[in-house]
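Hello,

Here is the structure we talked about handing over. My notes follow below it.

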Amino acid sequence: MPLEFAITGTDGAARTGVLATPHGEVRTPAFMPVGTLGAVKGVPPAQLRALGAEVMLANLYHLALRPGVDLIEELGGLHAWSGWSGPILTDSGGFQVFSLGHLRQLDESGVTFRSHLDGAAMRLGPEDVVDLQRRLGVDVAMVLDECPPWPVTHEAAAASLARTNRWAVRAREEWARQPGPGGLFAIVQGSSFLDLRESSARELAALAFDGYAIGGVSVGEPAAERRAAVEWTTPVLPAERPRYLMGVGYPHDIIHAVACGIDLFDCVLPARNARHGVLFTRGGALKLKGAAFRTDPRPVEEGCGCPTCAQVSRAFLHHLLRWDALTGQVLATLHNLWFYLDFMREVRESIASGTLTELVSRWSI
């Protein structure tokens with residue numbers, strides 16, 4: 001198989017593992033920094049690796065619009081073009097397409113949408129999506145799915161996930177006919193309904209994908225419903241394959257999902273919040289644009305191993321962020337990414353030592 005996943009330790013339902021891909025190994029549970037256009041904003045590939053990242057997420061929808069898959073393929077594929085030599089997972093763009101609202105039209109064969117950049121029409125079906133990711137040469141490709149809004153009726157959610165699962169069958173067949181260098185993940189939908197989540201997971205598990213994702217969460221639903229969807233779905237997914245929770249990024253939600261048996265995570269929070277002056281610490285988030293930090297000589301977090309805390313003070317970051325200086329946004333992003341990647345290292349160590357329950361209690365909200 002193009003992807004090999006080995007579970008190396010457990011603590012309850014949580015597990016550590018190693019996901020072997022064509023471009024290297026990923027120690028799980030792992031957080032994937034989001035490089036929508038092939039790079040995390042303000043962070044060169046070498047520096048992303050130095051922070052501890054082992055895998056990066058890019059977005060097919062955005063890359064297909066600019067610069068286009070044809071150009072990236074011509075220049076050697078996504079790894080060669082971007083300069084990131086490690087594993088890459090590409091989101092199929094389903095969430096972005098379906099968030100376009102009136103700019104898209106959905107039917108059984110796929111979705112037609114207009115670019116948010118220039119209004120140009122584009123058509124994507126499940127076969128197109130996996131073929132484009134194959135041409136990019138990614139390590140993990142995702143199927144095209146329909147991400148329903150919240151709230152949604154049971155009837156609408158059932159129709160939506162049925163279409164997603166039919167698309168998954170077509171994507172799986174296309175991938176089998178012409179596989180990429182990596183593997184293909186399915187996406188479980190079903191909104192906040194237990195019966196739909198479980199039936200979707202069972203149907204997709206029978207199709208023997210390389211991995212499985214839980215989608216359609218963190219779309220506006222209450223935290224209790226978001227966590228319930230994870231608790232319902234995870235045990236139904238094949239234990240021997242990697243499990244990915246899409247778009248969930250607050251540490252307390254990550255640690256909850258890890259305890260349920262999730263292996264992979266992604267979220268724009270670290271970089272997006274950094275650009276707005278919100279930095280994560282073990283003691284809570286700091287809003288560094290606030291006047292209280294104007295004369296604060298301390299690092300963002302005492303004992304932090306990131307390059308930002310090693311070099312500059314809260315006061316200096318406050319100054320840069322208040323005036324939207326690019327340097328301040330980059331320094332803040334470096335800290336937040338380090339925080340997340342270091343947090344995941346702590347999670348893996350707690351599973352290995354059998355102390356995950358203690359870590360969960362410290363992060364419970």
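A224 counts as exposed because its relative accessibility is 60% (exposed means over 50% relative accessible area, buried under 20%, and partly exposed in between, with a 1.4 Å probe and protein chains only). The model is predicted, so local features need pLDDT of at least 70 and side-chain atom pairs count only at pLDDT 80 or more, while totals for chains, interfaces and linings use all residues. Residues are numbered from 1 along each chain as its sequence is written, and side-chain values use heavy atoms, with hydrogens and water left out.

A224 sits in helix α9 (residues 223-233); helices are DSSP runs of H or I with at least four residues, numbered from the N terminus. Its C-alpha atom is 9.9 Å from that of S192, 32 residues apart along the chain.

A201, in helix α8 (residues 194-205), is buried, with a relative accessible area of 0%. Beyond its neighbours within four places in sequence, A201 contacts V188, T233, V236 and L237 (contact means heavy atoms within 4.5 Å). The C-alpha atoms of A201 and L237 are separated by 6.1 Å, at 36 residues apart along the chain.

Helices α13 (residues 314-322) and α14 (residues 326-353) pack at about 125°, with axes 7 Å apart; axes are lines fitted to C-alpha atoms over the stretch in contact, and angles run from 0 to 180 degrees between N-to-C directions. From α13, L317, L320 and L321 meet T327, G328, Q329, L331 and A332 of α14.

Regards

Note on methods
Helix = DSSP H or I, 4+ residues; strand = E, 2+ residues; numbered from the N terminus.
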